[in-house]
Amino acid sequence: MKLNLARFFTIRKVLSFLLLCAIVYSAYSIYYKVKYWGFSLSPKAVTDVWTVDAKVSFNALGENVKVSLAVPNDKDGFKILSEEVVAKGYEITRDKVNSRVIMTAPLKTGKQNLYYRLSIYDDAQNVALNSLVPAKVERPILSDEERLQMSKIWKLSQNQKGDKVQKAILAVNQEVNNPTMSLILPITHTTKEFAEKVIQVLAYKRIPARIARTIKLEEGRKTEKPDIMLEAYLDGRWKLYDLVSAKIGLPKNWVIVQRGGVSLLDVKGGEDSIVVFSVLKSVASPLKMAEHRAKANDKLWSYNYSMYTLPVFEQNTLKWLMIFPLAILVVVIMRNIIGVSTMGTFTPMLLAMSLVRTGFWPGLICFSVMIALGLVMRSVVAKLNLLLVPRISFVVIFVILLIQCLTVVGYRFNYSIVSSAIFFPIIITAWIIERASITWEEEGAVNTLKEILFTFITAVVTYFVISNEYVRHVMFAFNELNLVILFIVMLLGTYTGYRLTELMRFAPLIHKDN
């Protein structure tokens with residue numbers, strides 16, 4: 001029994017199971033961050049933040065003033081980032097039930113300017129506008145001739161496409177200029193009057209409907225009169241309709257500012273009131289908006305314990321740390337699967353990190369010069385028969401002096417190639433020089449050059465992986481992928497087959513046997 005269990009719970013099977021668990025966890029975590037925090041796989045993704053300003057102007061009559069302004073609701077497609085009212089000397093209250101801001105002040109006279117500012121983000125299309133069930137609609141009282149015209153409109157609607165409301169809107173649009181329909185549909189009308197006539201037509205079939213005032217979110221837009229759409233209660237929910245095309249749903253980048261028969265602006269104690277809406281657009285990264293999205297989705301507790309709440313300096317440091325496991329994975333694949341031999345296990349990874357800081361060609365040229373000069377000086381010191389520690393210390397000090405000289409020369413002659421030397425790890429550079437020298441003495445120049453070449457190749461491959469902007473973004477935004485990399489590395493550690501380079505080496509023997 002013990003033997004069977006041992007066969008069942010092999011290291012490879014256990015690691016494969018843990019890898020599968022890590023993949024499942026990472027997939028859910030990525031889904032969670034995208035859905036609730038708004039993260040994106042693209043580092044260039046931005047969130048549009050719209051600022052809607054409403055300027056209320058009127059002349060106060062020396063009486064107590066009460067201003068009631070309809071404002072957008074946070075359940076109507078957009079999420080509210082911030083809300084601000086500038087009304088000096090006024091008391092501000094919010095009527096959340098009716099989505100209105102109320103400003104009151106005693107004994108005001110003269111010209112009054114009040115400001116309401118709202119910043120919104122994340123336009124969610126086809127949302128349920130309102131779940132409240134409306135009261136029963138009473139059929140309008142019509143004369144015999146009006147009833148006849150109403151029946152004709154509904155009969156014509158049967159030839160239209162869509163649901164009942166869409167058919168009614170299209171039929172009214174078709175017959176609105178028909179003189180024979182003048183009792184129900186007057187020829188001259190405003191958009192509001194047209195909407196009221198459609199509401200009356202729908203009421204004839206006991207379909208609840210109401211006016212919805214909307215604003216198009218367009219950069220630099222200013223308007224005194226919001227656009228009018230129609231809301232109707234059909235199939236157990238409210239739906240929004242365009243009064244011209246009869247399309248269902250709020251168009252992209254539109255926001256509802258008021259609905260129902262209540263006015264957009266009410267002013268008591270003043271006259272000549274007017275409200276002007278203006279729209280401004282800005283952008284923000286998904287990482288900066290993550291906290292607001294988590295709060296809006298009642299998932300703030302999970303965000304508070306993430307690394308994205310750390311100061312910017314710590315986050316920038318972690319951005320580099322999060323890419324290390326991927327660089328390590330590249331080195332493991334190059335050494336254990338492909339079978340290349342490098343100067344040190346993780347030397348190529350550190351060199352790749354340095355190349356990211358310096359730039360590819362400047363860093364590569366500068367590092368090659370440092371290694372070449374270091375090997376020359378190491379060969380000279382080898383003739384002195386120094387002990388190991390002093391010899392390595394000499395190489396380290398020589399590298400430091402070389403970096404100093406290259407940095408000064410680069411600064412004086414404005415050569416970015418030589419000034420890039422300061423970004424290379426001193427100890428690693430010295431160790432490569434020492435290791436190459438020993439290999440040269442023990443195994444010859446060919447093997448030494450091969451190891452240096454493979455070290456460069458591995459570093460270059462690692463560089464192109466970790467320097468990719470998309471890769472760096474994904475590894476930081478979805479850092480749980482490092483858990484997957486962890487088990488992949490461990491699983492690769494159980495591989496005991498031939499490396500690719502070994503297959504190439506033994507290929508002549510295979511052909512000989514055949």
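A charge is taken to sit over a ring if NZ of Lys or CZ of Arg is within 6 Å of the ring centre and within 35 degrees of the ring normal. By this criterion Arg139 lies over the face of Tyr204, at 4.1 Å from the ring centre, and Lys35 lies over the face of Tyr36, at 5.7 Å from the ring centre. The model is a predicted one, in which local features need pLDDT of at least 70 and side-chain atom pairs count only at pLDDT 80 or more, whereas totals for chains, interfaces and linings use all residues. Residues are numbered from 1 along each chain as its sequence is written, and side-chain values use heavy atoms, with hydrogens and water left out.

The secondary structure of the protein comes to 18 helices and eleven strands, where helices (H or I, at least four residues) and strands (E, at least two) are DSSP runs numbered from the N terminus. The C-alpha trace spans about 115 × 65 × 50 Å along its principal axes. The radius of gyration, taken over C-alpha atoms, is compared with a globule rule of 2.2 Å times the number of residues to the power 0.38; at 36 Å it is well over the 24 Å that the rule gives for 514 residues, so the protein is more spread out than a compact globule. Of the 514 residues, 42% count as buried, a term that means under 20% relative accessible area, with exposed meaning over 50% and partly exposed the range in between (1.4 Å probe, protein chains only). Among contacts (heavy atoms within 4.5 Å) between residues at least 6 apart in sequence, 76% join residues at least 24 apart.

Nonpolar cores were defined as sets of buried Ala, Val, Leu, Ile, Met, Phe, Trp, Tyr and Cys residues joined through side-chain atoms within 4.5 Å. The largest has 41 residues, and those with the most contacts inside it are Met370, Val399, Ile432 and Ile466. Among the helices that each supply at least two residues of this core are H8, H10, H11 and H16. Apart from it lies another core, of 31 residues, which includes Ala54 and Phe78.

Aromatic pairs were counted where the ring centres of Phe, Tyr and Trp (its six-membered ring) lie within 6.5 Å, with planes under 30 degrees apart termed stacked, over 60 edge-to-face and the rest tilted; the count comes to 17. Trp37 and Tyr308 form an edge-to-face pair, 6.1 Å centre to centre with 80° between the planes, and this pair links helix H2 to the loop between helix H7 and H8, across 271 residues. Phe39 and Tyr308 are likewise edge-to-face, at 5.2 Å and 90°. Phe39 lies in the loop between H2 and strand E1, so its pair with Tyr308 ties together parts that are 269 residues apart in sequence. Phe39 counts as buried at 4% relative accessibility, and Tyr308 is buried at 7%. Ring pairs link these residues into a cluster that includes Tyr28, Tyr303 and Phe476.

Leaving aside its neighbours within four places in sequence, Val489 is in contact with Leu329 and Val332.
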